[in-house]
Amino acid sequence: MEMPHQNRTHRKDIQAMIEDKDIIFVTTTLYTECLELQQRIIKNIFPGSECVTTDGSDITKWPNSFYYWMEDVRKSDAKYFIHIDEDCFIIDKEEILKTLSLLEERYDIIGCPDGYHPPRPVNPIVINPFLMFGRTSIIKDMDIDMINLKYKLEFNKYKYIWTNSADLKFKHSYKDTFFYPHPIIGDFTFQDGREPYYGFFWYLKDKYYRFGYLYPHFDVNLKSTNPKIDHNSKEMAIHMWESRNMSSDKEFYGLTAKQRFENIKILLKEKGIV
């Protein structure tokens, strides 16, 4: 039986072998003012990694444009991809590398659940892609073209659901293999189709890929979700949410997007990250 300290040593060995060139960062962007800062931080912390943006701003191409990043991953020689939203700011390289080492140990894709925490009280089996880690091989081996599927938003009484032409949808049997190792800090529902990207995760489930979950720590001051490997770990990034409302007075937990962004910039400066 492997002892805990042996497991930690093994993980450190894997982590030490991961180089910047092994990673491609991909961002589907709306070109908000967050993007320049997010990209600058990635390039400072991971100077040897590929860093690619894809245009998600054309509403006529949405939601297909969400999947454009997959083409960049397929072309890349990197071993791992990190899909990161433009309003998600990396603050700890070591924690990012530790997460990537988990892809070698036990998982194929890792991220925060789309349920179980305050900003996202929806399906916890799905990984919210604001900070999503995966093996590039799972994208390269896909036998379905997510970019060219047809997506439809359907309304049923008081609920809406995104459907797709490949009929990728939630199966209750997925709950049989669902394991979430962290404290639950928010609501959830096993409802399908709350986002058009849900079909991607049902495809991965049907292919028996292994899902890992980060702890979605909610920062009550910044009103952000700051992922951790577990609830006792260090924060690896700050995700501010709803940067699409940067030019709006719409509030998120009592603060506008501009206010939250300014607060995050102050913290990043205090930490010496920018």
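**Reading the contacts**

Modeller: Let us start with a salt bridge: E262 and K265 form one, with their closest N and O atoms 3.0 Å apart. The term stands for a side-chain nitrogen of Lys or Arg within 4 Å of a carboxyl oxygen of Asp or Glu. Before we go on, note that this is a predicted model, where local features need pLDDT of at least 70, side-chain atom pairs count only at pLDDT 80 or more, and totals for chains, interfaces and linings use all residues. Residues are numbered from 1 along each chain as its sequence is written, and side-chain values use heavy atoms, with hydrogens and water left out.

Colleague: Where do E262 and K265 lie?

Modeller: Both belong to helix α7, 3 residues apart, which is about one turn of the helix. The general idea is that an α-helix has 3.6 residues a turn, so residues three or four places apart point the same way. Helices (H or I, at least four residues) and strands (E, at least two) are DSSP runs, numbered from the N terminus.

Colleague: How should I read accessibility for E262 and K265?

Modeller: Buried means under 20% relative accessible area, exposed means over 50%, and partly exposed is in between, using a 1.4 Å probe and protein chains only. E262 is partly exposed at 38%, and K265 is partly exposed at 29%.

Colleague: How many salt bridges does the count come to?

Modeller: The count by this rule is 20 salt bridges. One of them joins the side chains of D108 and R135, at 3.2 Å from N to O. D108 lies in the loop between α4 and β5 (109–111) and R135 in strand β6 (residues 131–135), so the pair ties together parts that are 27 residues apart in sequence. Both D108 and R135 are buried.

Modeller: Another salt bridge is between D143 and K207, with the closest N and O atoms 3.0 Å apart. D143 sits in the loop between α5 (136–140) and β7 (151–156), and K207 in the loop between α6 and β9 (211–213), so this pair ties together parts that are 64 residues apart in sequence. D143 counts as exposed at 57% relative accessibility, whereas K207 is partly exposed at 38%.

Colleague: Which residues are linked with E19 in a network of salt bridges?

Modeller: E19, K21 and D22 make up that network. D22 is found in the loop between α1 (4–17) and β1, and counts as buried at 15% relative accessibility. The backbone nitrogen of E19 lies 2.8 Å from a polar atom of the D22 side chain. Contact means heavy atoms within 4.5 Å; leaving aside neighbours within four places in sequence, D22 is in contact with M17, A78, K79 and Y80.

Colleague: What about a charged residue without a salt bridge, such as D87?

Modeller: For charge, Lys and Arg count as positive and Asp and Glu as negative, while His and the chain ends are not counted. D87, in the loop between β3 and β4, is buried yet has no salt bridge, and the nearest side chain of opposite charge, R260, is 6.3 Å away.

Colleague: Which side chains join D87 in polar contacts?

Modeller: A polar contact is a pair of N or O atoms within 3.5 Å; within protein, one must be able to donate a hydrogen and the other to accept it, and residues adjacent in sequence count only if both atoms are side-chain atoms. The D87 side chain has such a contact with H239 at 3.0 Å and with S243 at 3.2 Å. Not counting residues up to four places away in sequence, D87 touches several residues, including C34, I238 and W241.

Colleague: C34 brings me to helix α2. Which residues of α2 are buried?

Modeller: They are C34, L35, L37, Q38, Q39, I41, I42 and I45. These buried residues pack against β1 (23–29), β2 (50–55), β3 (80–84), β4 (88–90), α4 (93–105) and α7 (257–270).

Colleague: And how do I read a pair of rings?

Modeller: A pair of aromatic rings is described by the distance of the centres and the angle of the planes. Rings of Phe, Tyr and Trp (its six-membered ring) pair if their centres lie within 6.5 Å; planes under 30 degrees apart count as stacked, over 60 as edge-to-face and the rest as tilted. The count by this rule is 29 aromatic pairs. F178 and F190 have ring centres 6.4 Å apart and planes at 85°, so the pair is edge-to-face.
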